[in-house]
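Here is a short briefing for a first look at this structure. Keep the model open beside the text and follow the topics in turn.

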Amino acid sequence: MLDPRTKMLLVVTSASVLIGGGSGGAMNVIKPVLTAVPLLLFLCSGKWKAAVIYTTVYTFAFAGEIFLVPVTTGFVNFIVIACCGMFARFMPGIAMGSYLVNTTTVSEFMAAMERMKLPQKLSIPLSVMFRFFPTVTQEYGAIGDAMRMRGIRFGGGKPAKMLEYRMVPLMVSCVKIGEELSAAALTRGLGAPIGRTNICKIGFKGYDAAAMLICAVSVIALLLEKVT
Amino acid sequence: MIEFKDLRFCYTGEDGTSGLKRINLHIRKGEAVLLCGESGCGKTTLTRLVNGLIPHYYEGTLSGEMRVCGESIQDTPLYDLAKTVGSVFQNPRSQFFNVDTTSELAFGCENLGMREGEVLKRVAQTADELSLKPLLGRSIFKLSGGEKQKIACGCVSALGPGIIVLDEPTSNLDMRSVNDLQSIIAGWKAEGKTILIAEHRLYFMQGIADRVLYMRDGEIREEYTGEEFYKMPPSFFRERGLRSLALTRLNGCGACADSEKKWLTVKNVQFSYSRGERLLDIPFAELPENGVIAVIGHNGAGKTTFVRSLCGLLRKDRSILEYQGDICKARKRLDSCYMVMQDVNHQLFSESVLDEVLMSMEKQDEKSAESILEALDLLSFKQTHPMALSGGQKQRIAIASALASRRSILVFDEPTSGLDLRHMEEVAESIRELQKQGKTIFIVTHDPELILSCTTHILHIEKGRIWGNYPLDEVGRAKMMEFFAGDLLGKEVCYDF
C-alpha cells in the first residue's frame with residue numbers, strides 16, 4: 001500500500017519522536033497519532049495477529065505507566081518505570097520496523113534505494129541485510145529446537161551461557177549462508193556498474209502523502225521542542 | 001568454449017590438499033560434462049573456476065591459464081561473466097537473493113540493466129518453458145527443496161547464458177524432483193548449451209552426459225565418454241568410491257529384520273498450519289522397537305513434521321508414544337528422543353568436543369564421556385572446537401551427545417544428503433552400531449543405498465498419511481524399490497525386478 005521509502009521514513013520518525021520527544025504541548029496529539037499508525041497499517045494489511053499483540057503489549061505498558069508508577073515505591077518503582085517506559089516508547093518503532101520488513105519484498109526495497117540514488121556500495125549491503133531478516137528468524141527457530149532437545153532451557157541459572165549457546169551457532173550458520181548468498185548473487189550480475197532496472201512498481205500515492213505529512217509535522221514539533 | 005591450461009589453484013589459508021593440481025581441460029560448445037569423484041576431490045573448486053567465483057570471490061593462489069569463450073576469466077569481472085555463465089548451487093536455502101519467486105526470476109536480468117518489458121517477457125517465457133507457472137509469486141520459504149531447485153534453474157534460463165554450471169544440484173532432492181531436474185538439463189542440452197555438472201548421484205545424467213571426468217586429489221584422473229562410463233560394471237564404481245548408477249545395481253547387504261520383537265506405538269499424530277488443511281494425520285502406527293526405521297516419501301509429504309512430533313518439538317502436540325510400557329506425551333519425548341539434524345551446525349554449542357558430550361550428561365563424568373568419544377572415533381579431537389571439524393565428524397558429535405544423555409530413540413534427518421559412497425557407508429556403520437546398543441532409530445531419507453545398508457523397517461508417508469508400514473524383508477525390499485523406481489518410470493534408464 002505504502003511506498004517503501006514512506007515506510008522507512010515512518011520507522012525513523014516514530015522511533016526518534018517517541019523516544020526523543022518530551023510530553024505536553026503538541027506532543028500530546030502527535031505521540032498518540034504516531035502510536036496508532038502501525039496499528040492502522042497492520043489492520044489494513046490483514047495482519048491480525050500482529051495487530052492484537054501490538055495493541056495488548058502497548059496497552060499494558062501504557063496502563064502500567066499511568067496506574068502502577070504512582071502506587072509503587074523504591075526499587076519496584078524503578079523497575080516499573082524502566083519496563084513500562086521502555087515498552088511504551090520503543091514498541092511503535094519496533095512495530096513499524098516489523099511492518100516494513102514483512103510487507104516489503106527485497107526487490108521493492110532495492111528499487112526504493114535506487115530511486116533515492118544511494119550508491120551501490122551502500123544499497124547492496126543494506127539489501128543483503130534486509131534479505132537476511134527472514135533467514136535469521138528461520139535459523140533462530142532451528143537452533144531453538146536443538147536447544148530444547150538438549151534440555152537447555154531458561155531458568156538453568158546461566159543466562160550468559162544461554163545467550164552464548166543461542167548466538168554461537170546462529171553466527172556460524174548466518175556467516176555461512178551469507179557467504180553462499182553473496183556468491184550466488186554475484187554470479188547473477190549483482191554489482192554490475194550499469195543502471196539496474198526493476199520490474200516492481202513503487203511510487204508515491206495519496207496514502208504516502210498523508211503519512212509524510214504526519215512525519216513532517218512530528219519532526220518539526222520535535223525540533224521546535226528541542227530548540228525552545 | 002571452456003579451456004584450462006596447466007591450471008593450479010590453492011585456497012588461501014589451506015595447505016593445498018583441497019585445491020587443484022594441474023588441470024588441463026577443453027570443453028567444446030554444446031557438450032555436457034559430468035564431474036565425479038569423492039568429496040574433497042576438487043569438483044566444486046573446478047565449477048567455481050568456470051563461473052568466476054574463483055578468483056573473483058574465493059581467494060587463493062592461481063596459476064595457469066583459463067578461458068571461457070576465448071576470454072580470460074581472470075580479466076573478466078563477475079558481472080560480465082553472468083551473461084555467459086549461469087550457475088545452480090547445492091544448497092537451495094542460500095542461493096536466492098529475493099524472498100518471492102517472481103522477483104527472483106527477474107533478478108539477474110534486472111542486474112544487467114535490461115528494460116522492464118524485456119525482463120517481464122523473459123520471466124514469462126522461462127516460466128512457460130520450465131513449467132514454473134504454479135510457483136510464481138510464492139515465498140521461497142514455503143517451497144520444497146525440489147521446487148526451489150526448479151526456480152534456481154529458471155533463474156539461469158531467464159538470463160540465457162551459453163554455459164551452465166551445476167554444483168551438486170540434487171543433494172537435497174527426492175527422486176521425483178531429480179527427474180524434473182533431469183528433464184530441464186536435457187532441455188538445455190537440446191538448446192545447444194554447454195553444461196558442466198559436479199555430482200554424486202550419477203544415474204540421472206545417463207544419456208545426457210557426453211563426457212565423464214573422474215577426479216581425485218585435485219586432478220582429473222580418468223576420462224570416459226558417457227557411453228563407456230554408463231556401461232561399467234558395479235565394481236568399477238565401488239573401487240572409485242562412486243555412488244551406484246541405478247537401483248538394479250544395488251544389492252542389499254543390510255541388517256535383516258528379525259522376527260521376535262517388541263513394538264512401540266504412536267497415536268494421534270496430527271498437525272496443521274494455523275490456516276489451511278491438515279498436514280499430517282496419523283491416528284495409529286506400530287513400529288518395531290530396537291529397529292532401524294526408514295521414513296520415506298516425497299518432498300513435502302510430512303516426513304520431517306512426523307519426526308519433529310516424535311521428538312516433541314511441535315507445539316500443541318497431543319500425540320502419544322507408547323514405548324517400553326511408558327506413555328510418553330510430547331513434553332516427555334523431548335527428554336527421551338534426540339534428532340540429529342540435517343544441518344548439524346545448529347546443534348553444537350560448546351567450545352570443545354568433550355564439553356559438548358559432558359554438557360549432555362546428567363552427572364558429568366569424564367571417563368564415560370571419553371569412552372563414548374572413543375567408540376565414535378572422536379577421542380583424538382576431544383579438545384578441538386566442534387566447528388573446526390568436518391561434516392561427518394560433526395554428525396558423530398551430535399550422536400555422541402545423544403548417547404551421553406541416554407536417549408533411547410534417535411532420529412536422523414537426511415543424514416546422507418550430498419555424501420559420497422565412503423561417507424555414506426560411515427554413517428550406515430554408526431547407525432548399525434547404535435542399533436546394537438539397543439537404540440530405536442528413525443531415518444528420514446531419500447537414499448535407497450543407505451536404506452539397504454542399514455535399515456530394518458520402512459514407514460512410508462505420503463500426503464501426511466501412512467501409505468506403507470512394513471519390515472524390510474524380501475517382499476519389503478521389492479516394495480521399497482518399487483517406490484523409488486516408480487518415480488523413474490518412463491525414463492531412459494530401465495529397471496527390471
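Chain B holds 17 helices and 20 strands. The model is predicted.

**Chain B as a whole**

- Chain B has 497 residues, and a compact globule of that length would have a radius of gyration near 23 Å. The value for chain B is 24 Å, so the two agree.
- The C-alpha trace of chain B spans about 70 × 50 × 45 Å along its principal axes.
- Of the 497 residues in chain B, 48% count as buried.
- Take the contacts in chain B with a separation of 6 or more: 69% of them join residues 24 or more positions apart.

- Where they touch, 17 residues of domain 1 of chain B are in contact with 11 residues of domain 2 of chain B.
- On the domain 1 side of that contact, α6 (145–159) and α7 (175–190) of chain B each supply at least two residues.
- The largest share of this domain 1 side comes from α7(B), with 3 residues.
- By residue type, the domain 1 side that touches domain 2 of chain B has 3 nonpolar, 10 polar and 4 charged residues.

**A sheet in chain B**

- Four strands of chain B form an open sheet in the order β2-β1-β4-β5, with antiparallel pairing.
- The edges are β2 (20–27) and β5 (71–72) of chain B. Each has a single partner strand, so one side of each is left without a neighbour in the sheet.
- At one end of the order, β4 (residues 60–68) of chain B pairs with β5(B) over 2 bridges, in the antiparallel sense.
- B:V68 stands opposite B:E71, a residue of β5(B).

**Where chain B meets chain A**

- Across the two chains, 47 residues of chain B are in contact with 39 residues of chain A.
- Several elements of chain B each supply at least two residues to its side, including α3 (78–84), α5 (116–129), α11 (330–336) and β16 (337–340).
- The largest share of the chain B side, 6 residues, comes from α4(B).
- The chain B side that touches chain A divides into 26 nonpolar, 14 polar and 7 charged residues.

- The domain assignment gives chain A a domain 1 made of 1–105 + 204–228, and a domain 2 covering 116–199.
- The centres of domain 1 and domain 2 of chain A, taken over C-alpha atoms, are separated by 27 Å.
- Why is helix α5 (residues 106–115) of chain A largely enclosed by the rest of the structure? Of its 10 residues, 8 are buried.
- The buried residues of α5(A) are A:V106, A:S107, A:E108, A:F109, A:M110, A:A111, A:A112 and A:M113.
- Just after α5(A), A:K117 takes a positive phi of about 60 degrees.

Methods: Residues numbered from 1 in each chain as written. Chains lettered and ligands numbered in written order. Predicted model: local features only at pLDDT ≥ 70, side-chain atom pairs only at ≥ 80, totals over all residues. Contact = placed C-beta atoms within 7 Å. Nonpolar A, V, L, I, M, F, W, Y, C, P; charged D, E, K, R; others polar. Buried ≥ 20, exposed ≤ 12 C-beta atoms within 10 Å, placed from the backbone. Rg over C-alpha atoms; globule rule 2.2 N^0.38 Å. Pairing = 2+ DSSP bridges. Domains from an automatic or database assignment.
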